[in-house]
Amino acid sequence: MKKVLMVGNVACGKTTLLQVMDGQVPEYKKTQSIETIAQNIDSPGEYLERRVNLQNLLVTSVDTDMVLFLMDPTQDRFMYSAGQSAAFPVPVAGVITKADLATPEQIQNARELLEITGASPIFVISSMTGQGMDELMAFLE
């Protein structure tokens, strides 16, 4: 499986997705620093939200195969920049999380916003229900 770095806002589902990918029962845990779960890397949401920390994400991504930009479509904020995926030295895919809690309109808006970042392809998942997980896992193999 590809080694990935999870990037996204606070509470967008990065840690939960990594726990599910590792076969763990999802349990809320606030990520305080860069952490490894199995071979994958979790990052604090503050690294995206506070621009001074973006270089930490760029440096960490050098040791991965791929970056995943995660987005919770139920949140009313968008912290990525247009074309931001181009700053990373590895491919960037998008993951719309919490699909079980979002409306179709929210999911479409999130897809359009992730497309603006340059992330491709984009997956729609729910870590809690398993929706879209097979497609994402097959992509990461």
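Which residues is Asn-40 in contact with, leaving aside its neighbours within four places in sequence? They are Lys-2, Lys-3, Val-4, Leu-18, Met-21 and Glu-35. Contact means heavy atoms within 4.5 Å.

This is a predicted model: local features need pLDDT of at least 70, side-chain atom pairs count only at pLDDT 80 or more, and totals for chains, interfaces and linings use all residues. Residues are numbered from 1 along each chain as its sequence is written, and side-chain values use heavy atoms, with hydrogens and water left out.

**Asn-40**

Asn-40 is found in strand β3, residues 40-42. Strands (E, at least two residues) and helices (H or I, at least four) are DSSP runs, numbered from the N terminus. Asn-40 counts as buried because its relative accessibility is 4%. Buried means under 20% relative accessible area, exposed over 50%, partly exposed in between (1.4 Å probe, protein chains only). A polar atom of the Asn-40 side chain lies 2.9 Å from the backbone nitrogen of Val-4.

**Helix α4**

Helix α4 spans residues 104-117 and has 14 residues. From first C-alpha to last, α4 reaches 20 Å, close to the expected 20 Å. The expected span is 1.5 Å times one less than the number of residues.

Ile-107, Ala-110, Leu-114 and Thr-117 of α4 are buried. They lie on the same side of α4 because they cover an arc of only 70 degrees around the axis. The arc is that of the directions from the helix axis to the C-beta atoms. On the other side of α4, Pro-104 and Glu-105 are exposed. Just after α4, Gly-118 takes a positive phi of about 95 degrees.

What covers the buried residues of α4 includes these strands:

| Strand | Residues |
|---|---|
| β4 | 66-71 |
| β5 | 92-96 |
| β6 | 122-124 |

Note on methods. Polar contact = N/O pair within 3.5 Å; in protein donor to acceptor, adjacent residues only side chain to side chain.
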